[in-house]
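Colleague: Hi! Could you walk me through this one before I set anything up?
Modeller: Happy to, here it comes.

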Amino acid sequence: DYSSSHPASWKDSILYSQFLRLRRICSQDEVFHTRASQMSSFFRERGFPSPTIDEARTRVSSIPHNTALSPHPSTRNKGRISLVLTFHPTSRHIQHIVLRQFR
């Protein structure tokens, strides 16, 4: 549901990652486009904005099936320690406190 308190970037990345997952699963372009249409409707019914859905779908549509299957090297900071918490709208305050203490 797009009305949740989660940051917009998180909600938008769900769209991209699900379309990319679909791209990997569907080896034929025609099947991908049919299923992507169904997935777009699914997200619209749950309140996701149409322009955001269309942008994610277009980005993934331009990726060839074989490229989508290729592993990509991780770009994450390997020296970073993760702090995993339950999401809450005030979580940003915790992030600022932690970053201020460890910089």
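Modeller: One cut-off before we start: a residue is called buried if its relative accessible area is under 20%, exposed if over 50%, and partly exposed in between. Also keep in mind that this is a predicted model.

Colleague: Good to know. How many helices and strands are there in the chain?
Modeller: The chain has five helices and zero strands. From the N terminus on, the order is α-α-α-α-α.

Colleague: And what radius of gyration does the chain have?
Modeller: The chain comes out at 17 Å, whereas a compact globule of 103 residues would be near 13 Å. Along the principal axes, the C-alpha trace spans about 50 × 35 × 20 Å.

Colleague: What share of the residues is buried?
Modeller: Buried residues account for 23% of the 103 in the chain.

Colleague: Now the aromatics. How many aromatic pairs do you get?
Modeller: The count is three aromatic pairs. In one of them, the rings of F19 and F43 have centres 6.4 Å apart and planes at 55 degrees, so that pair is tilted.

Colleague: Why does that pair tie together parts that are apart in sequence?
Modeller: Because F19 lies in helix α1 (residues 8-25) and F43 in helix α2 (residues 29-45), the pair joins parts 24 residues apart in sequence.

Colleague: Are F19 and F43 buried or exposed?
Modeller: Both F19 and F43 are buried. For F43 the relative accessible area is 6%, which is under 20%, so F43 counts as buried.

Colleague: What about F42 and F43, how are those rings arranged?
Modeller: Their centres are 5.5 Å apart and the planes are at 75 degrees, so the F42 and F43 pair is edge-to-face. F42 itself has 39% relative accessibility and therefore counts as partly exposed.

Colleague: Which residues do the ring pairs link into a cluster?
Modeller: The cluster is made of F19, F42, F43 and F48.

Colleague: New topic: R23. Where is R23 found, and is R23 buried or exposed?
Modeller: R23 sits in helix α1. Its relative accessibility is 3%, so R23 counts as buried.

Colleague: What is R23 in contact with, leaving aside neighbours within four places in sequence?
Modeller: With those neighbours left aside, R23 is in contact with D29, F32, V60, S61, I63, P64, H65 and A68.

Colleague: And R59, where does R59 lie?
Modeller: R59 is in helix α3 (residues 50-61). With a relative accessible area of 46%, R59 is partly exposed. R59 and F19 are 40 residues apart in sequence, and their C-alpha atoms are 9.0 Å apart in space.

Colleague: Last one, H6. Where does H6 lie?
Modeller: H6 belongs to the segment before α1. It is partly exposed, at 33% relative accessible area. Neighbours within four places in sequence aside, H6 is in contact with K11 and F87.

Colleague: Great, thanks!

Definitions and conventions:
Residues are numbered from 1 along each chain as its sequence is written. This is a predicted model: local features need pLDDT of at least 70, side-chain atom pairs count only at pLDDT 80 or more; totals for chains, interfaces and linings use all residues. Side-chain values use heavy atoms; hydrogens and water are left out. Helices (H or I, at least four residues) and strands (E, at least two) are DSSP runs, numbered from the N terminus. The radius of gyration is taken over C-alpha atoms; the globule rule is 2.2 Å times the number of residues to the power 0.38. Buried means under 20% relative accessible area, exposed over 50%, partly exposed in between (1.4 Å probe, protein chains only). Rings of Phe, Tyr and Trp (its six-membered ring) pair if their centres lie within 6.5 Å; planes under 30 degrees apart count as stacked, over 60 as edge-to-face and the rest as tilted. Contact means heavy atoms within 4.5 Å.
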